[in-house]
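Have the model open alongside.

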Amino acid sequence: MNHDLPQSVPQGSNGAMPKEGCPIEIFATELRRRIKEGSGNASENFRDVSSVNPQDEALIAEDLARTEGMWMDFSEIANLGTPFPNGVENDVYLNSNGNLIYKVNNLMTSKTLLALFDRLILHNSLFPQTGYKLKGFTGFGNGSIYPILSQDFIPYEREATPIEIDMYMAALGFQKISDAKYSNETIEVSDLHSRNVLRDKDGDLYVIDAEIKRL
């Protein structure tokens with residue numbers, strides 16, 4: 001990847017990030033800039049992702065990904081690694097070294113790339129030990145695009161219990177507001193069911209997936 005993209009903004013208390021891929025902030029910043037240029041309205045606030053037409057966003061993102069050498073033909077997806085149990089929004093693969101998980105995201109939950117990126121940047125800030133990076137994109141063209149995310153594989157002993165998750169989130173300053181949903185008055189984290197929080201042999205917890213939004 002060339003060096004024309006903006007500098008990364010550090011995330012998390014210890015800067016822990018996966019070992020490969022593009023920091024999401026870099027690609028998101030450049031994508032917003034190109035959308036803004038295309039709109040002809042430099043004053044519009046493109047952090048409001050609801051104002052972005054998803055197909056236009058996808059076409060601009062595909063052009064940027066191809067320019068930066070971050071596009072993978074859909075037929076090559078199987079080369080990412082061994083298929084893993086999938087979620088609602090991700091096809092999941094374990095790489096050949098067994099140390100990285102790849103998630104091919106279908107945008108079913110986030111709807112737009114920028115909405116997904118905003119959510120993942122929040123994830124990386126709150127849970128840097130399981131931070132995401134952007135490996136690239138795939139798709140079928142004409143506005144069909146799927147981001148490929150990378151995340152460190154967590155060797156875990158078992159899934160966390162609801163009580164363990166409650167205690168973990170309380171230690172981070174979050175209050176439980178309903179089942180698997182927590183808030184600190186500025187950020188809401190939901191979908192923290194046991195399948196999305198892993199416990200290793202030392203008793204440490206790792207949030208591998210969550211729904212996160214600013215309030």
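## Sheets and spaces

Strand S10 (residues 197-199) pairs with S11 in the antiparallel sense, over 3 bridges. This is a predicted model, where local features need pLDDT of at least 70, side-chain atom pairs count only at pLDDT 80 or more, and totals for chains, interfaces and linings use all residues. Residues are numbered from 1 along each chain as its sequence is written, and side-chain values use heavy atoms, with hydrogens and water left out. As for the names, helices (H or I, at least four residues) and strands (E, at least two) are DSSP runs numbered from the N terminus, and two strands pair if DSSP finds at least two bridges between them.

The open sheet they belong to has 3 strands in the order S6-S10-S11, with antiparallel pairing. Its edge strands, each pairing on one side only, are strand S6 (158-159) and strand S11 (205-207). Helix H4 (residues 162-171) packs on this sheet and touches S6, S10 and S11; contact here means heavy atoms within 4.5 Å. The direction of H4 makes about 80° with that of S11. Angles run from 0 to 180 degrees between N-to-C directions, with axes fitted as lines to C-alpha atoms, for helices over the stretch in contact.

Now for the other sheet. It is open too, with 5 strands in the order S1-S2-S3-S5-S4 and antiparallel pairing. S1 and strand S4 (132-141) are the edges, each pairing on one side only, and the twist averages 30° from one strand to the next. S4 and S5 run antiparallel and are joined by 8 bridges, with Gly141 opposite Ser144 in S5. H3 packs on this sheet, touching S3, S4 and S5, and its direction makes about 165° with that of S4.

In the loop between strand S1 (82-84) and S2 you'll find Gly87. Is Gly87 buried or partly exposed? Gly87 is partly exposed, because its relative accessible area of 44% falls between the limits for buried (under 20%) and exposed (over 50%), with a 1.4 Å probe and protein chains only. Asn105 is 18 residues from Gly87 in sequence, and the two are 9.5 Å apart in space, C-alpha to C-alpha.

On to the gaps. On a 1 Å grid over the protein atoms alone, a cavity is a set of points where a 1.4 Å probe fits but cannot get out, while a pocket is an open set with protein on both sides within 12 Å along at least five of seven lines; lining residues have an atom within 4 Å of a point. Grid points are joined across faces, edges and corners, and a volume is the space filled by probe spheres set on the points.

The largest pocket has a volume of about 650 Å³. Of its 26 lining residues, the closest to the centre are Pro85, Lys103, Arg195, Asn196 and Ile208.

The search also turns up 2 cavities of 30 Å³ or more.

| Cavity | Volume | Lining includes |
|---|---|---|
| Largest | about 40 Å³ | Glu89, Lys103, Asn105 and Asp209 |

H3 (113-126) gives the largest share of the largest cavity's lining, 3 residues. In the second largest cavity, the largest share, also 3 residues, comes from S11.
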